[in-house]
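Here are a few notes to read with the model open beside you.

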Amino acid sequence: MRALVWHGKEDIRCDTVTDPEIEDPRDAIIKVTSCAICGSDLHLFHNMIPAMLPGDIMGHETMGEVVEVGKGVKGKLKKGDRIVVPFTIWCGECEQCKRANFSCCERSNRKKELAEKVFGHAMAGLFGYTHLTGGYPGGQAEYLRVPFADTTHIKVPDSLTDEQLLFLSDILPTGWQAAVACDIEPSDIVAVWGCGPVGQMAIRSAVLLGAKQVVAIDCLPERLSMAQAGGATPINFLEESVIGRLNELTDGKGPDKCIDAVGTESHVSFSQPDTVLDRAKQMMMLENDRPHVLREMAYVCRPAGILSIPGVYLGLDDKIPMGHIMNKGLTIRTGQTHVNRWTGDLIARIEDGQIDPSFVITHTVDLEDGPEMYKVFRDKQDSCIKVVLKA
Ligand SMILES: NC(=O)c1ccc[n+]([C@@H]2O[C@H](COP(=O)([O-])OP(=O)(O)OC[C@H]3O[C@@H](n4cnc5c(N)ncnc54)[C@H](O)[C@@H]3O)[C@@H](O)[C@H]2O)c1
Ligand SMILES: [Zn+2]
Ligand SMILES: [Zn+2]
């Protein structure tokens, strides 16, 4: 089959690889109909996340048709079923899965020891990500093996298109979980940093959850326009002071809730000198991330507010303002998304017309064109916001 394969930094190729097979009774194989490139894939593209190996198949936003099931799937899925595959692989049996903490599943990471060494504990296995999360082949491919397939799937109605459903795999529940984590009250002003696909979903989720006002921060006009179309007030951080404008919009109180949909790869700019320092430290292996947004949020957030962080961070960072966070009584909520915790409700909302996640798609191409699209998406060429690949 054809698949997008990681060969090293900024080197992803469409290769011919061996078709996946059932390896465990709980596996299923799907024929992929649509898949997408995520901002998290860019961290791998840039080789920022350790424990990738040449030959790893990329992709964790995938849907398709079940073509084979193992004996252990026991009728939960059958040939011909149309499913979206959540990016978090979960067993359904461990204590964390029973608490619906699916991204912390204690059994689905098949390279547990590696993750335990780095993070203290292993988290769930993820598709097409680092070997720290199991090193499972991803779904930017013609076929995908789904481990723990009896639980790790989202059955979807035929009445909706792939484009409306595909993002149930990741960015829609990720934006939704980030907004839910904000415990939004009708009087809340919610600020969202980053208007990539995750930020866009967080903005629309915060609006749906009844925020009084949502403010969107980025520097890319087309992304800010999309945020504005979703009901947000835009701030272009290259043109105005984020802190100044947020204080102006909130009568000096600061936003009640702040969402970081940027994560580790905050833009580096001399107008934000800490980002230049972070970049230098990253080059000297003294720091893993560029936590500019985290610092800005802790400074501007209203006391007793919430910092919700769906943006991915990798490791050890400097100048984390613990004093601001402690003295202002801020709550931090973060994590990989517990995808299946939210998807039943989200499907109902898509069917009901409350949200149509396909609004974010700017490019649809053949899988073969995937390697080129990684560059287009990374460089935001051609106003690219979200790429869907057809296998
Ligand atoms: N928690 C999860 O389960 C989960 C799931 C999916 C994605 N993610 C993470 O969410 C983040 C966003 O993903 P995406 O697909 O939207 O990526 P993206 O790269 O398309 O979007 C990031 C956006 O942030 C903007 N940005 C950069 N620096 C900024 C700053 N200082 N202030 C404001 N905006 C800034 C960029 O211009 C860009 O539009 C990534 O870190 C990704 O890994 C997390
Ligand atoms: Zn993702
Ligand atoms: Zn589990």
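Helices (H or I, at least four residues) and strands (E, at least two) are DSSP runs, numbered from the N terminus. This is a predicted model, in which local features need pLDDT of at least 70, side-chain atom pairs count only at pLDDT 80 or more, and totals for chains, interfaces and linings use all residues. Residues are numbered from 1 along each chain as its sequence is written, ligands are numbered from 1 in the order in which they are written, and side-chain values use heavy atoms, with hydrogens and water left out.

1. Let's start with the shell around ligand 1. Helix α1 gives the largest share of this shell, three residues. Of the 31 residues around the ligand, Ser40, His43, Asp218, Pro310 and Thr337 come nearest (a residue is near a molecule if one of its heavy atoms lies within 4 Å of it).

2. Now for the polar contacts of ligand 1 (pairs of N or O atoms within 3.5 Å; within protein, one must be able to donate a hydrogen and the other to accept it, and residues adjacent in sequence count only if both atoms are side-chain atoms). An oxygen atom of the ligand is 3.0 Å from a polar backbone atom of Val198. For Arg223, a polar side-chain atom lies 2.9 Å from an oxygen atom of ligand 1, and a polar backbone atom of Thr337 is 2.9 Å from an oxygen atom of the ligand. Taken alone, ligand 1 exposes 880 Å², of which the protein buries 97% (Shrake-Rupley areas with a 1.4 Å probe; for residues, only the protein chains shown count as cover).

3. Which residues are the protein donors of the zinc ion (ligand 2)? They are Cys38 (SG), His60 (NE2) and Asp170 (OD), lying 1.8 to 2.3 Å from the ion. Donors here are N, O and S atoms within 2.8 Å of the metal (3.2 Å for Na, K and Ca), and sites may look incomplete because water is not among the atoms. The donor spacing in sequence is C-x21-H-x109-D. His60 sits in the loop between β4 (56-57) and β5 (62-69), while Asp170, 110 residues apart from it, is in the loop between α4 (162-165) and α5 (171-180). Both His60 and Asp170 are buried (under 20% relative accessible area; exposed is over 50%, partly exposed in between, with a 1.4 Å probe and protein chains only).

4. Please look next at Ile171, in helix α5. Its relative accessible area is 0%, so Ile171 is buried. Leaving aside neighbours within four places in sequence, its contacts (heavy atoms within 4.5 Å) include Glu61, Val198 and Met201. Gln200 is 29 residues away in sequence and 9.0 Å away in space, C-alpha to C-alpha.

5. Gln200 belongs to helix α6. Is this residue buried or exposed? Gln200 counts as buried because its relative accessibility is 1%. A polar atom of the Gln200 side chain lies 3.4 Å from the backbone nitrogen of Ala227.

6. Arg295, in helix α10, is also worth a look. The residue has a relative accessible area of 14%, so Arg295 is buried. A 2.8 Å polar contact joins the Arg295 and Asp274 side chains.

7. Last, the nonpolar cores (sets of buried Ala, Val, Leu, Ile, Met, Phe, Trp, Tyr and Cys residues joined through side-chain atoms within 4.5 Å). In the largest one, of 92 residues, Phe167 and Leu168 touch the most other members. Another core, of 22 residues, lies apart from it, with Cys258 and Cys301 among its members.
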